[in-house]
Structure formats: structure tokens, C-alpha cells
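Thanks for coming. Please have the display open.

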Amino acid sequence: MEHQFQLLEKILEGQYIMPVYQPIVSLIDGQIFGFEALSRISVKELEMNIEQMFKVADRLDKSWELETLCRKKSLECATNLKEGKKLFLNVNSNIIYDKNFIEGFTKSSLITYGLYSDDVIFEITERVAVNDTNAFLASINHYKGQGYGIAIDDFGVGYSGLNIVASVRPNFIKLDMNLVRDIDKEEIKQLVCKAMVDFGRNADIQVIAEGIETEEELSTLIKLGVNLGQGYFLGRPKETFQDLEPEKAALIKMLRAKIYTDNIKSTAYPVVGYLARTGDTFSAEEIGEDVYEIIRHDPSIKEFTIVENEVAIGFMTKMSFNEILGGRYGFSLYSKKKIRQLMRGDFLRVNYNTPVNQVSSLAMQRTFEQLYDPIVVEKDGKYFGIVTIKNLLDACTKVEVDTAMHCNPLTGLSGNLLIEREILSRVLDKLPYCIIYFDIDNFKAYNDAYGFQNGDMMILLVADILRECALRNEFIGHIGGDDFIVLCDYHEGGEYCRAVIDCFTLRVAALYREEDLKNGYIVSKNRHGRTENFSIASLSIAGISNETNKYHSVDDFSKDIALLKKKCKRQQGNYYEIH
């Protein structure tokens, strides 16, 4: 230990600390979000374990001196940080409220390093207990008021768990690397991570996964909805600010696209396995009277599954079991029999990955006597747990409510969030598609001249026509106002467009006054407030298919469709064009 004390003294005296920066990466698009500043010893003869160095500094009462040196070095090299990227600085929770620390992060001191407060995230480790809670929280509020970000590091291994999150209300939570390690293999870690992602989404806190070392871990984290990641697989700490390797960025985009393709396109409902709980089980060889005694002394057991070699072979409710053993002769006849002789074998079992709406449909098809029995869930052919009807219906209702929230209130058609997901799932897939935009020409003039109620009627007319012409399971969305979109899972969208134009031409006349129809135009004001003649409403339709167009990103698709929409809008009357 004496040797380590001497090493630390030499490091501090010579300021032999150099910063390295590890990238924090967006797991949505593969872009660099920011960098965590870490410290390394710059003289080989003085090398020691970094964590040990800070522990030694703590024993020598040199923590403030060492942390100040590390921060100073990190900030000096931050002048090369690209605009818009965040710098994460590790800070001891008992130093952050020190007067000298606060003075070191004034607006003027940061400008010296070419930084602003919203570029800096204070990363507070959860491993260290806070000595003065009031001073700590007061300083946190001070920094947040100045525009600094706050991250809780090592979340899940510290002294206070969710208490510090509730008090601090950080901008980021960094999941400890022990939770991330082998997360692709350990289901309990996945459940914890998913819970933190859901919590972060509701609390407006971004979750960062630390310690990603394999492609499998990365893929699992993306599936679980984690949007920021850090680890050797994405980039090792380096002395300069490095971009993410192109192949790693491409991998992230590919994995993200696969999630949309596999999940969003097929179903918005979660799989039933997420709702399953362990449930009570008995061996098939158990004797009836033994099971009866266990149930009699444990009122929490309402039903149980009979399992043999990890496979569910039967299911019984407490009521049905008591009915067998009850009555005048029931107990004497059946109490000595094995439970396999008393169980019911015609129970509902489903695979872990079955969407809950499908399970709900199967459950409602059962006989009245079984209608409200829990459902047995299996994984890889083995018993996994049970799901109650209440939890099943609650999950289905939540999805339906969420979907309704993202629908246009006037037309009831899918809104922008669902539209964006559907477009992404098709553009980044290899299956045939044709994406078609519909715009009502001269709608604003009609709305101004006839009033918004009639304007709403025209929008509803188009929505109805789009539905009526959809004969091949087309996805129909309402972008807003007079803009609609139809996504076809086939290349040839021309026939659909012609059918829509024919119906619109036939029915739109009913929304105009006779005199305007005779004139062939209405009189209204243009965008500059000048009176002008506007033709009867027509449709401009622009579509792109992937029969000849191949896209690797939604941005490329958006540029092409925007140009085509402008071209179609310049044409007179009803017009469609598909590329």
C-alpha cells in the first residue's frame, strides 16, 4: 500500500494523467451521441489500476486533487469535440456540491474549452453514498437550471436504487455492465432491462447500456428498446474523438430495421410470455390428499398446473379439485389416487411468443366452464408459467387504447406515428411495396369559401373512398389536413389510383353549389389574401414502388417522393404518377 501511495503522489505532482474518450452511440441510427471522458496514467512506470488509484486518493484525502486533475485534462482536450456531441464527465457525488467545483463550471470557464453547459453531462456514480443529501440535491437543481445534463452511472448496483432517481430526476440512466453482460442469454436480465426502458420512456429519462461486448448483446438491447449504448463492441476508449466504424453503424441500422419488420409490420401486440407468472405446480405423482392439505393451508393457491419432466400435462382450479374430493364419498374414493388420475388434460396451452390478441381469441373460444381459467404458457416445449384472463385482457385493451391515441380523430385512420413505422418497415424490407401519397387540390380555397364543416366532409369523403377501394389489405393513413397515404404490399399501384380518382370525381360534385359546378370554379382568396378563381377540387397522387427503386434509408425515399409530389401538384385536374 505504501508503494501505491508513492505512485499517486508522483502522478499528482507530475500531472501524469491523460484523458481517453469512449463513444456513446445511438442504437437507432448508429450516430455518435457523445463521449464518456475516462482517465489513464500517462507514464508507464507509474501505472496502476484506475479504480485502485481513486481508492488510494480517498484514503490519502486526495480525492478532490485527483478528480480536479482528471477533469482539467478531459476538458483541455474537449476543444476538438464536434458540435452537438455530448461530453460525459464522471463526478463523485460528494464533490459536486463543493463550492470550488461549482465555480469551475461557470459559463465563462467552459467557454475557455469551447464548450457550453448543454454539451456537458455530469455522470454521478451510484456506488458512492451521498454524505449531505440536501446540499447534493440543491447542487443538482443548480446544474440543471444552468443547462447541464445529469446521468446516474452504474444503475442497479448502488446504495439507493430508484430513490436517487426519484430525487434527482436525471436525464440519463446508465445500466451497469453486469446487467448487460450476457443479456442475450439471461431472461431475467432482459425483463429488468425492459422494465427500465419502459420506466425511462414514461419518466422522460434516456437509458444507456454500458459494457456492450458482443453483437448478440447489441441485438438484444435494440429489441428491448434501448436507444443508447456504449462498450468495446462499439468503440474502445481512445485519445481522440473517433467516429463509429461504418460497418458497426450499418449493423445497428440493420438490426433496428429488422425489429420494425418482424414486430411492427406483423403485430403491435406483445407476446404472451411477457405477461406470464410462475404459477403453482405439482408433480403428476403427488397423492390427492397431500395436495389437498397443501391447498387447505395456503389460500393463495387458486389453481395449479401438473408438470411431468418439465412439461405441463394437466391443469386444475382449486374449485374443480375440491369438487372431486368433496361430497359424501369423494374424499374416500379419490384422496389416495395420484393427481395425474384426477387432473383435467383439456386445458389451453400456448407458446411463449404468441401475441396476446391471438391468445385472447383462443381463450374466448373455450367452454363456459373453462372460460375464465388461466392459460398455460410454454417455452421451448417446457412449462413456463400461467397468464390470467384479467392480465390478458388488460394487455389487449392497452394496445387498443394506444392505437386509438395515434389515430386521426376526424377520420379514425392511422396517424403519423403509425404511418412512420409502416413506411420504415417497408422501405427497409425486400418485399414488394408501393407507397402512394394523396393530396386534395384547391382544398384550402374550398374550406375558406364553404366553411370548415364542409371542408371536414370533403376530407371524410376521401377517407371513405380510400377505404372502399382498398381490396388487397392496403394500409391507409391520414397524415393530417388534406394529405393521405396508402401503403400497398405490391408494385402495381396504378389500378388503385384510377379507382380512387373515378370515385372522387363522381362524388365530390355533391359537396358544391350548383352555380359553382356550372362555372367550373369557386371564388376564394389565395394565400396572399387576393381574390382568385379556383377549380373544382381534384386529387394529386404520387407513388413510388420498389420494383425499380431500391432504398437503403428512409431519407433517400423521402427525397424522391417529395420531388414527385411537387411534380404531380403542378399538373391540372386529377393526376397520378407512380415511379
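Start with Phe35, which stands opposite Leu87 in strand S3. Before going further, a word on the source: this is a predicted model, in which local features need pLDDT of at least 70 and side-chain atom pairs count only at pLDDT 80 or more, while totals for chains, interfaces and linings use all residues. Residues are numbered from 1 along each chain as its sequence is written, and side-chain values use heavy atoms, with hydrogens and water left out.

Back to the strands. S2, residues 32-41, runs parallel to S3, residues 86-91, and four bridges join them. Two strands count as paired if DSSP finds at least two bridges between them. Helices (H or I, at least four residues) and strands (E, at least two) are DSSP runs, numbered from the N terminus. S2 and S3 belong to a barrel that eight strands close, in the order S1-S2-S3-S4-S5-S6-S7-S8, with mixed pairing. As a reminder, strands of a sheet pair through backbone hydrogen bonds, either parallel or antiparallel.

Next, the second largest pocket. A pocket here is an open set of points on a 1 Å grid over the protein atoms alone, where a 1.4 Å probe fits, with protein on both sides within 12 Å along at least five of seven lines; lining residues have an atom within 4 Å of a point. The volume, meaning the space filled by probe spheres set on the points, is about 1400 Å³. By type, the lining has twelve nonpolar, 13 polar and 15 charged residues. Nonpolar covers Ala, Val, Leu, Ile, Met, Phe, Trp, Tyr, Cys and Pro; charged covers Asp, Glu, Lys and Arg; the others, Gly among them, are polar.

Now the aromatics. Rings of Phe, Tyr and Trp (its six-membered ring) pair if their centres lie within 6.5 Å; planes under 30 degrees apart are stacked, over 60 edge-to-face, and the rest tilted. That rule gives 22 aromatic pairs. One of them is Tyr352 with Phe384, edge-to-face because the planes are at 85°, with centres 5.0 Å apart. Tyr352 sits in the loop between S12 and H15, and Phe384 in S14, 32 residues apart. Tyr352 is buried at 7%, whereas Phe384 is partly exposed at 25%.

Tyr446 and Tyr450 are stacked, since their planes are at 15°, with centres 4.5 Å apart. They are four residues apart in helix H18, so about one helical turn separates them.

Last, S14 again. This strand pairs antiparallel with S13, residues 375-379, over five bridges, and Val376 has Ile386 as its bridge partner. The two strands form a hairpin with two residues between them, and Asp380 in the turn has a positive phi of about 55°.

Conventions: Buried < 20%, exposed > 50% of the residue type's maximum accessible area, 1.4 Å probe, protein only.
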